[in-house]
Amino acid sequence: MSGDGSPAADLERLRQYRPRLSRGDHDLNPDLKPLVALRPAAVLVPIVRRPEGDTILLTLRTPHLNAHAGQIAFPGGGVDPGDPDPLAAALRETEEEIGLPRQKVEVVGRLDTYVSRTGFEIQPFVGLLTPPLETAPDPFEVAEIFEVPLAFILAPGNPKRHRITVQGVERQYWAFPYRDRYVWGVTAGILRNLRDVLLGTAE
């Protein structure tokens, strides 16, 4: 257990985990399939090793973007033709978005592929970051960089299952409401996967 009564994270499970499932927006809503052909993408799930406790680094996207404007996200994006593999794409996008050099990231594992309703097939890679961190957010894409305690992600009762009615149809989704932050959608789905792996409850 951690100091606040939350379960302790076993980071070694990240190194041993072998992705087995394809998760996605359709997990809670089976009829919610992607609207377009899937495009490969990759994100970095950064765990910051702070003395007072590990945290998850997240970004707040700027409000003017065409896709997922104003939402909370991991650094990452589409896999470009010049990227040798999805991991290289995740590290490249991280460096472009928040100015974090790839050599500062210790990649320790990969989570399950996540399929989004908007047509992305996302491979999440987990990386450890050791402070001090020097970041420089791209002002066009990133409004803010912030951290959420990993203990909060692992705490009992998380994530929360929420419901919303869209065009007369009830939809369900996972969310991690943290103080004045509302982490939901793809980011919450990937965090749920991370939580399952670290706690040894992954399917």
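I begin with Arg181, which lies in strand S12, residues 181–184; helices (H or I, at least four residues) and strands (E, at least two) are DSSP runs, numbered from the N terminus. This is a predicted model, in which local features need pLDDT of at least 70 and side-chain atom pairs count only at pLDDT 80 or more, while totals for chains, interfaces and linings use all residues. Residues are numbered from 1 along each chain as its sequence is written, and side-chain values use heavy atoms, with hydrogens and water left out.

Arg181 has a relative accessible area of 17% and is therefore buried (under 20% relative accessible area; exposed is over 50%, partly exposed in between; 1.4 Å probe, protein chains only). Arg181 touches, among others, Leu60, Ile72 and Glu144, not counting residues up to four places away in sequence; contact means heavy atoms within 4.5 Å. Arg181 also lies over the face of Phe146, at 4.0 Å from the ring centre (CZ of Arg or NZ of Lys within 6 Å of the ring centre and within 35 degrees of the ring normal).

I turn now to the aromatic pairs, of which the structure holds two. Rings of Phe, Tyr and Trp (its six-membered ring) pair if their centres lie within 6.5 Å; planes under 30 degrees apart count as stacked, over 60 as edge-to-face and the rest as tilted. The ring centres of Phe152 and Tyr178 are 4.8 Å apart with planes at 55°, so this pair is tilted. Both Phe152 and Tyr178 are buried. Tyr173 and Trp184 form an edge-to-face pair, 5.6 Å centre to centre with 65° between the planes. Because Tyr173 lies in strand S11 and Trp184 in strand S12, the pair ties together parts that are 11 residues apart in sequence.
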